Amino acid sequence: GDILDDYLRTDGVWILTRNKQFYKTNNEKECAEKCEAERNFTCRAFLFTRKKLQCLTLAENAKMTVMFTSTDAVLYEKRIYLMQCKRGIGTDYRGTEAKTQRGIPCQKWAEKVPHKPNYTPEKHPNAGLEENYCRNPDADESGPWCYTTDPAVRFDYCAIPECEDQCMQCNGEDYHGEVSRTESGLECQRWDAQEPHMHGYTVKHYPEKDLKMNYCRNPDGELRPWCFTTNPNKRWEYCNIPRCSTPPPVSGLGSQCLSGKGEDYRGRTAITESGNACQHWNTQFPHKHGWIPDRYPCKGLEENYCRNPDGEKKPWCYTTNSSVRWEYCRIPPCDRTEQGIAGMNNMPVQVPLTEECYRGKGQSYRGTTSITASGKKCQAWNSMFPHSHIKTPERFPDADLRDNYCRNPDGDSSPWCFTTDPNTIWEYCNLKRCDDHTQE
């Protein structure tokens with residue numbers, strides 16, 4: 001590839017730096033070559049001025065010093081020094097983490113106290129042993145490490161996250177790495193080519209899916225990244241992208257109401273538009289299916305809540321009715337008025353409990369089931385529609401009459417609720433009694 005591919009380019013900026021060298025070059029590529037060959041210091045970036053054709057190699061990048069505007073200058077920073085994550089075992093990690101996974105500050109590589117190091121900047125000039133930054137000069141399988149400042153602990157590993165372009169989170173929908181071979185070793189066909197396989201996965205049709213070169217991608221919600229192959233006899237194949245060991249960043253709590261197609265809906269509606277109760281995603285009865293929660297870790301396939309894992313027009317679920325495979329759910333739309341947003345912000349955030357059984361008469365039951373034994377949805381306790389009643393949260397303050405969850409405020413034989421069916425005032429809930437031998 002191009003030598004400049006290893007640099008991040010920013011137009012119109014200048015950075016203040018103490019360690020620098022001036023060179024006269026004809027273009028940015030020649031300047032990059034000077035940076036690669038620099039021996040006076042570790043070259044992390046270079047500045048190139050178009051008018052003067054002047055090249056400055058720099059020991060610092062914008063993360064380490066002050067930046068200001070300069071119309072004629074272009075700043076090129078080495079990507080490797082901007083990365084705060086590791087690729088593979090991290091032998092090329094050049095970030096600035098300087099404490100161990102237990103929080104002990106690292107000893108400087110050039111110092112001999114409290115530990116006399118085997119790995120020093122003199123012995124390993126290309127290993128990036130600067131300051132006291134975590135590094136992996138010996139290609140340790142467990143990743144970057146450092147000598148510690150604790151006399152009782154000679155060395156320890158550092159908690160460096162993996163770079164997501166080398167591994168995949170979720171099902172690799174956001175994978176932007178450069179793997180371009182399939183799991184059986186076939187070379188990938190370029191996305192902008194129609195030979196040997198014709199297809200519709202083009203940049204024009206999928207502008208936001210980063211269909212670059214012939215890199216493995218997941219534009220269509222498959223299990224993991226894939227590509228068309230250059231073998232005429234094999235149309236497509238999955239690529240072998242490792243799953244990141246660090247969990248994906250939590251992107252908010254998910255929406256409790258319907259916006260767009262509801263792909264981010266994480267509410268607890270578990271009944272279809274026609275009133276069928278939803279089948280649990282981790283079961284295969286009464287309907288067999290492929291939306292297994294372990295396979296799709298970021299789709300929110302918990303319990304039997306309505307979800308939209310496949311880009312349908314709105315959330316749906318498989319039903320517990322053996323003659324109806326699946327149906328859409330009725331999710332309240334997000335109210336975009338100020339009052340609605342204020343109301344959403346003031347809603348208490350509740351973590352769904354997975355308590356699916358009750359003890360005794362169930363007066364202590366505090367789970368989140370809100371479906372009756374016949375599959376009807378429960379009416380909210382603080383609502384008087386469609387049934388007026390006196391079992392309100394105010395009158396029964398100790399009964400935890402939250403939302404429309406099944407409860408037993410009045411000592412009945414098991415948890416129950418009023419239903420949203422105008423023809424059925426109340427019913428017992430779809431709950432089993434806990435086996436008394438199981439641990440609480």
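This is a predicted model: local features need pLDDT of at least 70, side-chain atom pairs count only at pLDDT 80 or more; totals for chains, interfaces and linings use all residues.
The structure holds 21 salt bridges.

**Salt bridges**

| Salt bridge | Distance, N to O |
|---|---|
| Glu131 and Lys108 | 3.7 Å |
| Glu130 and Arg135 | 3.1 Å |
| Arg366 and Asp400 | 3.7 Å |

Glu131 and Lys108 both belong to the loop between β5 and β6; because they lie 23 residues apart in sequence, their pairing ties together separate parts of that loop. Glu131 is partly exposed, at 43% relative accessibility, and Lys108 is likewise partly exposed, at 38%.

The pair formed by Glu130 and Arg135 has another setting. Glu130 has a relative accessible area of 15% and is therefore buried, the limit being under 20%. Arg135 is also buried, at 0% relative accessibility.

The salt bridge between Arg366 and Asp400 has an N to O distance of 3.7 Å. It links distant parts of the chain, since both residues are in the loop between β12 (357-358) and β13 (416-418) but stand 34 residues apart. Arg366 is partly exposed, with a relative accessible area of 24%. Arg366 and Asp400 also belong to a network of salt bridges that includes Arg402 and Arg407.

Gln107 is placed in the loop between β5 (67-78) and β6 (145-147). With a relative accessible area of 1%, Gln107 is buried. Its side chain reaches the backbone oxygen of Glu111 at 3.0 Å.

Asn214 lies in the loop between β7 (155-157) and β8 (226-228). Its relative accessible area of 11% places Asn214 among the buried residues. The side chain of Asn214 reaches the backbone oxygen of Cys188 at 3.0 Å. When residues up to four places away in sequence are not counted, Asn214 touches Val179 and Ser180, together with the run Glu187, Cys188, Gln189, Arg190 and Trp191. Asn214 and Cys227 are separated by 13 residues in sequence and by 7.6 Å in space, C-alpha to C-alpha.

**The largest nonpolar core**

The largest nonpolar core comprises 14 residues. Those touching the most other members are Trp281, Trp291, Cys306, Trp316, Cys317, Cys329 and Ile331. Strand β10 (residues 316-318) gives the most to this core, contributing three residues.

Which residues does Trp291 contact, leaving aside its neighbours within four places in sequence? Trp291 is in contact with Trp281, Tyr296, Leu301, Pro309, Asp310, Trp316 and Tyr318. Two of these partners, Trp281 and Trp316, are themselves named with Trp291 among the core residues that touch the most other members.

**A nonpolar surface patch**

Leu16, Val66 and Phe68 make a nonpolar surface patch of about 270 Å². Within this group, Phe68 is found in strand β5. Phe68 is partly exposed, with a relative accessible area of 37%.

Terms used:
Residues are numbered from 1 along each chain as its sequence is written. Side-chain values use heavy atoms; hydrogens and water are left out. A nonpolar core is a set of buried Ala, Val, Leu, Ile, Met, Phe, Trp, Tyr and Cys residues joined through side-chain atoms within 4.5 Å. Buried means under 20% relative accessible area, exposed over 50%, partly exposed in between (1.4 Å probe, protein chains only). Helices (H or I, at least four residues) and strands (E, at least two) are DSSP runs, numbered from the N terminus. Contact means heavy atoms within 4.5 Å. A polar contact is a pair of N or O atoms within 3.5 Å; within protein, one must be able to donate a hydrogen and the other to accept it, and residues adjacent in sequence count only if both atoms are side-chain atoms. Patches are made of residues with over 30% relative accessible area and no salt bridge: like charges are joined within 9 Å, nonpolar side chains (Val, Leu, Ile, Met, Phe, Trp, Tyr) within 5 Å. Accessible areas come from the Shrake-Rupley method with a 1.4 Å probe; for residues, only the protein chains shown count as cover. A salt bridge is a side-chain nitrogen of Lys or Arg within 4 Å of a carboxyl oxygen of Asp or Glu.
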